[in-house]
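User: I am new to this structure and would like to learn how to read its features one at a time. Please give the general idea first and then the case at hand.

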Amino acid sequence: MHWICPFFAKASYRSRHLPVRLCILRAFSSHLPNQVIEDVINRPSSQLGTATEKGNVIIKTAKGTRDFSPKQMAIREKIFSTIISCFKRHGAATIDTPVFERKDLLLDHYGEESKLVYELKDQAGELLCLRYDLTVPFARYLAMNKVSHFKRYHIAKVYRRESPSLATGRYREFCQCDFDIAGQYDPMIPDAECLKVMHEILSALQFGDFLIKINERRILNGIFTICGVPSTKFETACCTLDKLGKVTWKEVKNEMVEEDGISPDAVDRIGEYVQLHGGICLIEKLLQDPKLSQSKLAIEGLEDMKLLFEYLTLFGIIDQVTLDLSLARGLNYYTGVIFEAVLLHQQSDAKESLRVGSVAAGGRYDGLVAEFDPKGKKVPCVGVSIGVERIFSILERNAEMSKEKIRTTETEVLVAAAQKNFLAERIKLISELWSAGIKAEMLYKKNPKLLNQLQYCEKNGIPLVLIIGEEEQKDGVVKLRDVTSRKEIIVPKENFIEEIKKRLEK
């Protein structure tokens, strides 16, 4: 925001904080709903950021953002490690893209969700937006670099201008973990692998039972067509239908009639289909449906869905998959199979219920790359995005409820002194440990007490202590202590690295 600062350059710190705050709000007022501005001014959220008052200045994170403590980061790093390991196991390479994109390349791909995109203006006058997801930048990357086949993963922050909620794990700045397969391949094989990736990650994270819901945009298109919905209202109807599950069918029906302008009779006919869910038997039943069979698109979608279910059976994950005709996915770039994973049972405590909705989602978007390519060249794509923030909310809550002790460092050895005046020896020993690739620490005192050093290990979960003292120095040995069992052994100085590595491997 360098374009704001010069105006207040001569004002004192205390006198300028309020004008700056109001100026920033005015600068974004063309993009922010009035209610959001009022919330920022009048109702700073105690749930979404810790605020500290210093004089007249409130020190807090921006609404919808948060800091992460070492304990929280330890949980997050475990999540990321599990996800990246799975992505690499499936042969994906990673990329990175700018955090902002050109407005003219970004805004036309999100349908009703475009109102949630943060718009910026560069000092040079170039109109920009913060990225809303990682999918559209990936499509731009493929078109710009003329890439026709690519299996990629991308982990990065994205930004959405929506109402944040701690209870649902919803923020304005959050991290996405995407896995996508780009290229022309035989039907449903890449789609099945994306669902397998989703299943592997959610199973490995062990946060609860989940169900993967699947649908097909062509099936939805066919349902809307035979029920009398004009093609011009298909995307609007999809966005409204996507709310089913968050609200009742009656509320969805009312919105379709009153706001989307779809006739009540058509909505009633839609309701007969979109409340169905099941497996291969439902697919077979729909293939025999006399009304739905009139739609070529619907039949194509059902045939591909039948093939997908066969592959998912071979992958061994079919028991946690269901065809759910109410699933719509509001983003308008989806063209084929769509899916999302939801928790079946969510834990809660007496203070607050944690409701996180879907924990992973994705689908096929065969036409998106062509919208960026000057010649309109198509590169079919399918991908899955893992909901890291929602999963983190669950795992953090589970850790709190179980009173689980979380290590925030990976230190394996503390180098300690038994008496005074052994700083030089500790430095030499720890240097040898670091050179051998062993994670080690020592206290930053010349003459720390041995008891304080041992207590530091217990507090931080460090498993081993390497102790040097007068007696050890005299005999050319070191003492190695197991912090948990408190057993000690004497090790010759020339062998202590080998002995530590052997113990750490156990």
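User: In which sense do β4 and β6 pair, and over how many bridges?

Analyst: Some ground rules come before the answer. This is a predicted model, in which local features need pLDDT of at least 70 and side-chain atom pairs count only at pLDDT 80 or more, while totals for chains, interfaces and linings use all residues. Residues are numbered from 1 along each chain as its sequence is written, and side-chain values use heavy atoms, with hydrogens and water left out. Helices (H or I, at least four residues) and strands (E, at least two) are DSSP runs, numbered from the N terminus. Two strands pair if DSSP finds at least two bridges between them. Here β4 and β6 pair in the antiparallel sense, over three bridges. One example is R102, whose bridge partner in β6 is L128.

User: Which sheet do these strands belong to, and what is the strand order?

Analyst: They belong to an open sheet of three strands, ordered β4-β6-β5, with antiparallel pairing. The edges are β4 (100–102) and β5 (119–121); each has a single partner strand, so one side of each lacks a neighbour in the sheet. From one strand to the next the twist averages 40°; angles run from 0 to 180 degrees between N-to-C directions, and axes are lines fitted to C-alpha atoms, for helices over the stretch in contact. As for β5, this strand pairs with β6 (residues 127–130) in the antiparallel sense over three bridges. Within that pairing, L120 has L128 as its bridge partner, and K121 has L127.

User: What is the order of the five strands in the other open sheet, and what kind of pairing is found there?

Analyst: The order is β16-β15-β17-β18-β19, and the pairing is mixed. At the edges are β16 (440–441) and β19, each pairing on one side only. Inside the sheet, β17 (residues 464–468) and β18 (residues 477–482) pair in the antiparallel sense over four bridges. There V465 stands opposite R481 in β18. Helix α16 (residues 450–460) lies across β15 (413–417), β16, β17 and β18, and runs at about 170° to β15.

User: Where is K493, and which residues does K493 touch?

Analyst: K493 sits in the loop between β19 (488–492) and α18 (496–504). Contact means heavy atoms within 4.5 Å. Not counting residues up to four places away in sequence, K493 touches I468, Q473, G476, V477 and V478. Take V478: this residue is 15 residues from K493 along the chain, yet their C-alpha atoms are separated by 5.9 Å. For exposure, buried means under 20% relative accessible area, exposed over 50%, and partly exposed in between (1.4 Å probe, protein chains only). K493 has a relative accessible area of 30%, so this residue is partly exposed.

User: Are K146 and M188 buried or exposed?

Analyst: K146 is exposed because its relative accessible area is 69%. M188 counts as buried because its relative accessibility is 5%.

User: At what angle do α9 and α10 pack, and which residues meet?

Analyst: Helix α9 (residues 249–258) and helix α10 (residues 264–274) pack at about 145°, with axes 10 Å apart. From α9, the residues W249, K253, M256 and V257 meet P264, V267, D268, I270, G271 and V274 of α10. The contact has seven nonpolar, one polar and two charged residues. In this classing, Ala, Val, Leu, Ile, Met, Phe, Trp, Tyr, Cys and Pro count as nonpolar, Asp, Glu, Lys and Arg as charged, and the others, Gly among them, as polar.

User: How many helices and strands does the protein have, and what share of its residues is buried?

Analyst: There are 18 helices and 19 strands. Of the 506 residues, 47% count as buried. Among contacts with a separation of 6 or more, 66% are between residues 24 or more positions apart.
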